[in-house]
Amino acid sequence: KSFHRLHKRKDIMTERDRKLIKLLSAAEKEEPICRQIPDAFFPEDFGNASGERANAVRVAKAICRQCPLQQICLDYAITAKEEFGIWGGTTANERN
């Protein structure tokens with residue numbers, strides 16, 4: 001509901017809002033894997049023992065490389081200054 005309401009009010013939307021709507025609209029059509037297993041794309045939540053975090057980053061990035069929404073996702077994350085998670089195949093440090 002609120003997604004569609006925001007979509008109609010383009011005059012008050014920020015660049016972040018526009019990119020989020022573009023990403024969400026594309027994700028509705030493509031159904032990317034990250035929407036099915038979102039926890040896998042937040043390696044900060046994994047422990048660092050035995051390289052769990054590094055492995056989670058590798059897996060998430062590999063999935064992103066195959067995703068048709070990678071660039072849209074990355075554009076959104078950079079604009080929104082996402083501080084956590086893998087977005088568009090990049091970590092927060094790589095986006096900064």
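Reply: We begin with the pocket: on a 1 Å grid over the protein atoms alone, a pocket is an open set of points where a 1.4 Å probe fits, with protein on both sides within 12 Å along at least five of seven lines, and lining residues have an atom within 4 Å of a point. Grid points are joined across faces, edges and corners, and a volume is the space filled by probe spheres set on the points. The model is predicted, with local features needing pLDDT of at least 70 and side-chain atom pairs pLDDT 80 or more, whereas totals for chains, interfaces and linings use all residues. Residues are numbered from 1 along each chain as its sequence is written, and side-chain values use heavy atoms, without hydrogens and water.

Me: How much space lies in the largest pocket, and which residues lie nearest its centre?

Reply: The largest pocket holds about 420 Å³, and among its 23 lining residues Pro32, Cys34, Arg35, Cys73 and Trp87 lie nearest the centre. Helices are DSSP runs (H or I, at least four residues), numbered from the N terminus; α2 contributes the most to this lining, with four residues.

Me: Is Arg95 buried or exposed?

Reply: Buried means under 20% relative accessible area, exposed over 50% (1.4 Å probe, protein chains only). Arg95, in helix α6 (residues 92-95), is buried yet has no salt bridge, a side-chain nitrogen of Lys or Arg within 4 Å of a carboxyl oxygen of Asp or Glu. The nearest side chain of opposite charge, Glu82, is 6.0 Å away, but the side chain of Arg95 reaches the backbone oxygen of Gly85 at 3.2 Å.

Note on methods:
Helices (H or I, at least four residues) and strands (E, at least two) are DSSP runs, numbered from the N terminus. Lys and Arg count as positive and Asp and Glu as negative; His and the chain ends are not counted. A polar contact is a pair of N or O atoms within 3.5 Å; within protein, one must be able to donate a hydrogen and the other to accept it, and residues adjacent in sequence count only if both atoms are side-chain atoms.
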